[in-house]
Amino acid sequence: MEIEFSRRCNFNCTYCYLDDNNHYADELSQAEFRRVILEAKDLGAKTIIILGGEPMLYPHIMDMIRFMRKQDLNVRLFTNGVNIGVPMAQRLLDYEVCVVLKMNTFDAKLQDMLSGTNGAYQQIQAAFKSLKDAGYPGEKQLMGISTIICEQNFNELIDMWQWIRDQGIIPYFEIMTPQGKAKDNHLSAVDAQRIRELFYQILEIDRRKYGHDWKVQPPLVGRKCLRQFYSCIVNSYGEVQPCVGVTIPVGNVRETRLSEIIQDSEIIQELRHYKEHLKGPCRECKKLEGCYGCRGIAYQMTGDYLASDPSCWKNADKLDDIIQLPCNADGLVPHKPPMRIVDKLAAVKEKTAVTEITISKDAVFVGDDSRLDEVAYLEIIAQSMAALKGFKNLKDGRPLEGSLLGAKKIKIYGRARAGDTLLTSLYKICDYGELGVIKGEVYKGEEMLAEGEITVWNKGDVQLT
């Protein structure tokens, strides 16, 4: 399991996966962290990976490391090196913590620029020296260097890889995920084919010089990422996500046990059965058995955690085949104009979805007074659910077959007119095999116009939860 103890950080990295909207007062207590760590251990976790923020700014970091080691859990710590002098490095060594130091370049000015902090290079280098002086890497005390692949450091990466290998340190080179601060940092992006060439150049060096062999695939050099099979992340607010890149909360450990969250999450279950649910070119890839690209990049670039990875070099000439959200509802729902009301499927989250409609004056449910008939709200909710199901069926092109079986708790609060844009929010209450109960809410801006529950039947649905 990956965990954030705090989002506080002394760096302002241009590529950080977090944004600036952090509210530290809501972070979990030590007792809450200990409880979820024990729950992870009960589920079979062997290793806890500490992310951030910057873990070494968390005032209780050594207490938590001591607690985890007493539970016979391996600990892997990703850090920028702050507060790591020789005494602290020695303590980490004594607890057999695998320390992964963030280092992106040999160039001091470039490191400071990427870190968004003057003096970042000196801090990282001082921590590196302290860790080496303390005895890292040791037989039981692994050490790694975490490096992002970007345009600014690209020409250094082969030399950096060999420098890291020569010292018995583990290199973690990774393609950037366009999220958080990195989303707007287009200057750092590298062409997919250049990244492919880099991977193969490093593989040749690893085989010839170091005796390492591995399969080339994104997003990590020298290793593969299928983390949704065996991991998740709990952030500092207790939210559980499939990984740092798939930024969809699937539950909160303050409200629900970790085991129940994982078992009940449709997203986690679909990712663990990705070969049945992946869409687009990745579904046809010969490497599908051991690769699904980067789910985080796929989600951040398309809005769909099951989309093909647009950053993979194998998909460079197939980008038009990768559907992105929002997408038109035409082809997702079986209805044809004028009966089709829903225009777009805007978002898909954990058991939820959002659709959009702009009411046409010649729509079948619009009267002579340009007002939308109240009965249309029920149809909007039903078609929104059909759009969601149709979107999930895109993986194999099966036509959607289903029926609206019933409705209850329908409440109308307002009326819409031609020209209004409405958003419909769906929440899946429960599944019974091919039957589902869905709650829908229809909004015009901040105003809720209608809400209700519908029961639907969808042929061939598989119950995952």
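Let's begin with a pair of words: a residue is buried when its relative accessible area is under 20%, exposed when over 50%, and partly exposed in between, using a 1.4 Å probe and protein chains only. What you have above is a predicted model, where local features need pLDDT of at least 70, side-chain atom pairs count only at pLDDT 80 or more, and totals for chains, interfaces and linings use all residues. Numbering starts from 1 along each chain as its sequence is written, and side-chain values use heavy atoms, leaving out hydrogens and water. Helices (H or I, at least four residues) and strands (E, at least two) are DSSP runs, numbered from the N terminus.

Start at helix α3, residues 86-94. Which of its residues are buried? They are M88, A89, L92 and L93. Looking down the helix axis, you'd find these buried residues within an arc of 145 degrees, so they line one face of α3; the arc is taken from the directions from the helix axis to the C-beta atoms. The face turned away from that buried side carries P87 and D94, both exposed. And what do the buried residues of α3 pack against? Their partners are α2 (61-70), β3 (74-79), β4 (98-102) and α5, where contact means heavy atoms within 4.5 Å. Just after α3 comes E96, with a positive phi of about 55 degrees.

While you're in this area, have a look at D72, in the loop between α2 and β3. Its phi is also positive, near 60 degrees, in a residue other than glycine. D72 counts as exposed because its relative accessibility is 67%.

Now follow the chain to α4 (residues 108-115) and α5 (residues 120-134). Two packed helices are described by the angle between their axes and the distance between the axes. Here the angle is about 105 degrees and the axes are 7 Å apart. The axes are lines fitted to C-alpha atoms, for helices over the stretch in contact, and angles run from 0 to 180 degrees between N-to-C directions. That makes α4 and α5 roughly perpendicular to each other (angles of 65 to 115 degrees get that label, under 35 is roughly parallel, over 145 roughly antiparallel, and the rest oblique). On the α4 side the contact is made by A108, Q111, D112 and S115, and on the α5 side by A120, Y121 and I124.

A cis peptide bond joins Y136 to P137, with omega at about -15 degrees. Another cis peptide bond joins P218 and P219, with omega at about 5 degrees; P219 lies in the loop between α7 (192-210) and β7 (233-234).

Buried or exposed? E156 counts as buried, at 18% relative accessibility. Setting aside neighbours within four places in sequence, E156 touches T105, F106, D107 and L110. The C-alpha atoms of E156 and T105 are 7.1 Å apart, although 51 residues separate the two along the chain.

Next comes a sheet. Strands of a sheet pair through backbone hydrogen bonds, either parallel or antiparallel. This one is open, with 7 strands in the order β10-β11-β12-β14-β15-β16-β13 and antiparallel pairing; two strands pair if DSSP finds at least two bridges between them. The edge strands, each pairing on one side only, are β10 (327-328) and β13 (402-412).

β10 and β11 pair over 2 bridges, with C327 partnered by L345 of β11. L345 in turn has T355 of β12 as a bridge partner. Strand β11 (residues 344-348) and β12 share 4 bridges, one of them between K344 and E356. The hairpin of β11 and β12 has 3 residues between the strands, and K351 there takes a positive phi near 55 degrees.

On to the next pair: β12 (residues 352-358) and β14 (residues 421-432) are antiparallel over 7 bridges. T358 stands opposite T421, and I357 is partnered by L422. The covered face of β12 holds A353, T355 and I357, while T352, V354, E356 and T358 are on the uncovered one.

Finally, S370 sits in the loop between β12 and α12 (375-392). Its phi is positive, near 70 degrees, and S370 is partly exposed, with a relative accessible area of 32%.
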